[in-house]
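This report goes through selected features of the structure shown below.

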Amino acid sequence: MRYARWSSFYALTWLVTASIAWSDDRLSGGETTVFVTNDKAFARPLANISRLTRRQHTVGNSFFNQNWVASPASTTSRDGLGHLFNARSCSACHVRDGRAEPPGKGEIALGLVMRISLPGRLATGGPVPDPSYGLQVSERALPGLKAEGHVRVSYEEVDGTYPDGERFSLRRPTYKIVDLGAGPLSSKTRFSPRVAPAVHGLGLLAAVEDDTLRALEDPSDRDGDGISGKLNMVWDYEGQRLVPGRFGWKANQPSLRQQTAGAFVGDLGITSPLFPKENHTASYAELHNFGEQSEDQNPELSAKILQRVTAYLETLAPPARRDVDDPVERQGQSLFARMNCASCHTPELRTGNDYPLAELRSQTIRPYTDLLLHDMGEGLADGREDFEANGQEWRTPPLWGVGLQERVNGHTMLLHDGRARDLTEAILWHGGEAEKSRELFLNSTSKERSALLSFLRSL
Amino acid sequence: MNRTLLPLLIAMAVALVSCKKSESGSGDQAAANEKTPLKEKGAAESEVVEHYTKLVSAIYLDAFAHAKTMQGAVNAFLAEPTAELMQKARDSWTAARLPYLQTEVFRFYEGPIDDEDGPEGLLNAWPMDEAYIDYVEGSASSGLVNNVTEFPKIDAALIESLNEKDGEANISCGYHAIEFLLWGQDLSAEGPGNRAHTDYTTADNASRRSDYLRAVTNLVVEKLEGLVAEWLPGNDNYRAEFLKLPSSKALEKIMTGMSMLSGFEMAAERLNVAYDTKAQEDEHSCFSDTTHNDMVYDLTGIHNVWTGSYGDLSGPGLQVIAQGLKPELAGQLGSKIEESVAAAKAIPVPFDQAILGEDTAPGRMAILHTIETLEDQAELLVALAKEMGFGVPISEEEE
């Protein structure tokens with residue numbers, strides 16, 4: 001009996017300890033969480049970072065922030081920009097490691113890229129590039145060269161009314177590409193505008209095991225909750241095989257390394273060991289006399305610096321949640337669950353026990369994403385396939401830090417193309433699998449809606 | 001502070017500073033202070049905080065006075081652009097850096113230098129893409145200097161407005177902009193940059209380059225003057241606010257400057273990035289090859305705060321509180337701070353050559369040793385802060 005009593009005492013102690021550790025809703029990233037609420041809230045390294053990892057982080061930080069220049073230049077480690085590019089540095093779009101916004105009237109886009117492709121899929125499963133423009137419209141080019149084109153966005157206000165009489169308005173975007181450098185695009189061209197997302201917490205998302213995500217999948221909606229969720233399966237260029245995707249608006253990148261190398265070549269025109277070919281098509285280069293691309297040149301980004309920038313992104317911490325004990329936010333949190341938001345914006349995940357970077361192992365994290373693709377309805381559809389993602393499917397974006405976006409980036413624009421001007425509009429754009437949740441939001445009282453928003457702003 | 005009195009006050013203060021030997025060293029007050037009998041804790045804390053404000057004020061005044069001297073040398077050169085006067089202007093830049101570097105420990109806590117509208121980014125932003133300002137090898141027409149169409153007139157307002165526009169490396173002003181305009185790119189292994197004085201006489205856009213150098217120098221002087229005003233004794237400035245803070249809040253700020261400069265700015269940004277990439281453009285003062293000064297005098301700045309001394313000024317430094325609280329920790333930290341200055345001094349000159357070679361090369365070993373010493377130092381500062389009842393960061397948090 002004594003033994004039993006003691007063991008239940010231990011069990012109780014363990015439960016209490018565990019529930020304290022597990023239920024601390026502030027800890028977005030477990031032991032990696034940083035408690036920062038200023039404009040650097042997304043820019044801090046993991047709270048538990050080791051000295052050696054920190055050194056890699058800071059080197060990556062330097063390369064993430066700095067402008068790349070045209071090659072050849074006096075600078076030896078930071079040249080290779082272009083010929084075509086969307087930005088001169090990572091931080092130009094991911095400002096303070098945060099989220100970009102769509103271009104204003106007449107502005108050349110910085111922070112929004114237009115992905116393009118033709119119908120169908122390549123042998124890798126990926127989208128089919130346009131023969132002249134490739135997979136992305138480059139907004140900028142080196143001096144003397146012609147950029148591929150400029151994205152113009154215009155908005156139409158669409159009014160709506162909550163059942164309780166309160167009014168709202170959404171802005172529906174229309175895109176066109178002007179100043180095209182190689183003639184008109186095919187009438188079959190598919191477009192997908194994408195805003196640069198915030199980049200904190202990515203290492204923790206990388207450290208969640210594939211099996212954990214598979215367990216969240218329900219592609220044929222067997223549980224009948226109207227919510228499916230599937231992993232994208234995308235091409236791993238180093239392994240030369242299909243693997244689960246988890247990064248990007250359509251989860252079309254399998255790893256931070258490939259995401260990073262892809263952004264370097266696609267957005268900055270900087271080649272790397274992973275992507276040794278420039279981002280322009282041969283026909284565009286010929287048309288505009290880019291000159292020969294020398295065969296023997298080393299990749300513009302060395303394997304070392306690619307590793308450092310990847311390590312930087314891997315080790316940016318998620319900021320802690322604020323005001324967790326506020327009763328209004330508690331109410332909002334339970335509404336978040338009751339309205340089924342949490343079915344896709346999974347509040348809690350666990351990272352794997354044997355992830356390469358020790359700091360990220362075995363953490364209970366609160367990213368509010370399942371990293372899966374969901375049908376979001378026609379309103380948000382881009383009609384462009386991206387591996388397994390069809391034109392209506394998007395990956396659930398993480399919500400951690402969403403309440404600090406205004407502090408960090410000075411705006412509250414949300415969704416893949418920044419059309420939502422605030423959290424409310426982002427919710428109201430939800431459709432498809434999230435249609436029921438949207439209706440629950442519409443039909444809730446104004447007090448409940450505001451509690452839900454308070455909760456979201458505490459993230 | 002009464003704005004009309006300010007120029008007079010500054011002039012008087014500058015005169016005072018200029019009269020004394022401004023060999024901006026650390027002094028030998030450490031030993032003296034160690035023997036200071038411990039006062040009652042609260043009193044000791046407020047004395048340390050008050051003395052800190054005097055120290056800050058003295059160092060900014062010195063930085064300002066030297067910048068004025070540099071302004072004179074630059075204007076003399078621009079009036080008569082000879083190689084000799086160019087060298088004098090360069091020497092004045094190097095001298096002006098020494099006190100300024102010792103002010104960097106006053107950053108990182110949203111004080112006047114880097115609060116929301118603080119001028120840090122306009123004074124010492126780095127690393128910079130020099131092609132944003134002027135021509136570089138392989139690109140004869142790059143930079144604001146040569147962009148006549150878009151920027152027909154170059155003045156301080158334009159230069160200030162273009163700083164960090166469209167990217168963090170788009171640096172248009174500050175010490176390093178002046179450095180680039182005086183030295184040019186450092187393309188040789190042996191010495192610094194070797195810009196010809198004819199860049200200011202017969203070269204393309206020489207007069208625009210002169211306008212640029214004049215305006216950007218004026219801007220540095222103007223921004224330093226603003227900082228001096230915030231720290232001079234007075235009723236209506238940052239110093240007054242700082243002295244009204246509870247001692248622990250003020251000490252938290254003081255130590256945040258020390259820990260961030262040790263762990264983040266020096267160990268990581270300025271030493272480790274260059275150590276890791278072995279790339280010249282990652283050294284702090286790459287045009288003039290004076291990066292060794294950046295290391296030594298920034299760390300001397302930490303030493304100043306610890307000992308409470310600067311030049312002829314001495315008084316209770318942070319070490320007094322540390323010794324009262326945790327003598328052993330204070331001892332460790334004190335020796336670490338000495339060690340870090342010594343470690344930085346031991347890095348072979350020029351820095352851009354010291355980073356090269358195998359990891360066993362003397363230069364690289366000296367740099368790694370400095371990095372490790374500073375990492376230790378940052379951790380000791382964190383430990384001391386914890387004993388004092390607050391936390392201090394050692395990585396990027398505030399600008």
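What is the handedness of the crossing of H13(B) and H15(B)? The crossing is left-handed. The model discussed here is a predicted one.

## Helices H13 and H15 of chain B

Helix H13 of chain B spans residues 327–345, and helix H15 of chain B spans residues 362–388. Their axes cross at roughly 155° and come within 9 Å. H13(B) is therefore roughly antiparallel to H15(B), the limit for that term being an angle over 145 degrees.

On the H13(B) side, the contact is made by B:Leu329, B:Gln332, B:Leu333, B:Lys336, B:Ile337, B:Glu339, B:Ser340, B:Ala343 and B:Ala344. The residues of H15(B) that they meet include B:His369, B:Thr373, B:Leu380, B:Leu384 and B:Glu387. Sorted by class, the contact of H13(B) with H15(B) holds 10 nonpolar, six polar and four charged residues.

## Helices H3 and H12 of chain B

A second pair in chain B consists of helix H3 (residues 41–79) and helix H12 (residues 318–325). The axes of H3(B) and H12(B) are 8 Å apart, and the packing angle is about 160°. Because of this angle, H3(B) is roughly antiparallel to H12(B). The crossing of H3(B) and H12(B) is left-handed.

H3(B) contributes B:Lys41, B:Glu45 and B:Val48 to the contact, while H12(B) contributes B:Leu318, B:Val320, B:Ile321 and B:Leu325. By class, the contact of H3(B) with H12(B) has five nonpolar and two charged residues, and no polar ones.

## Contact between the chains

Between chain B and chain A, 32 residues of chain B are in contact with 29 residues of chain A. The two chains bury about 2700 Å² between them, with 40% of it on carbon and sulfur atoms.

Six salt bridges are counted between chain B and chain A. A:Arg51 forms a salt bridge with B:Glu375, where the closest N and O atoms are 3.4 Å apart.

## Salt bridges in the whole structure

Side chains of opposite charge can pair when their charged atoms come close. Over all chains, the structure holds 45 salt bridges. B:Arg209 forms a salt bridge with B:Asp134, with 2.6 Å between the closest N and O atoms. This pair links distant parts of the chain, the two residues being 75 residues apart. B:Arg209 belongs to helix H8 (residues 206–231) of chain B, whereas B:Asp134 is in the loop between helix H5 (120–123) and helix H6 (156–162) of chain B.

## Backbone details

Most residues other than glycine have a negative phi, and most peptide bonds are trans. The peptide bond from A:Gly82 to A:His83 is cis, with omega near 15°. A:His83 is in the loop between strand E2 (79–81) and strand E3 (84–85) of chain A. In chain B, the peptide bond from B:Val349 to B:Pro350 is cis, with omega near 0°. B:Pro350 sits in the loop between H13 and helix H14 (351–354) of chain B.

A:Asp221 has a phi near 50°, which is a positive value in a residue other than glycine. The place of A:Asp221 is the loop between helix H5 (210–216) and strand E10 (232–236) of chain A.

## Surroundings of A:Leu27

A:Leu27 is in the loop between helix H1 (2–22) and helix H2 (51–65) of chain A. Leaving aside residues up to four places away in sequence, A:Leu27 touches A:Thr33, A:Phe35, A:Thr364 and A:Arg366. A:Leu27 and A:Gly432 are 405 residues apart along the chain, and their C-alpha atoms are separated by 31 Å.

Definitions and conventions. Residues numbered from 1 in each chain as written. Chains lettered and ligands numbered in written order. Predicted model: local features only at pLDDT ≥ 70, side-chain atom pairs only at ≥ 80, totals over all residues. Heavy atoms only, no water. Axes fitted to C-alpha atoms, helices over the stretch in contact; angles between N-to-C directions. Helix = DSSP H or I, 4+ residues; strand = E, 2+ residues; numbered from the N terminus. Parallel < 35°, antiparallel > 145°, perpendicular 65-115°, else oblique. Left-handed = near helix turned anticlockwise from the far one by under 90°. Contact = heavy atoms within 4.5 Å. Nonpolar A, V, L, I, M, F, W, Y, C, P; charged D, E, K, R; others polar. Buried area = accessible area lost by both parts, 1.4 Å probe. Salt bridge = Lys/Arg side-chain N within 4 Å of Asp/Glu carboxyl O.
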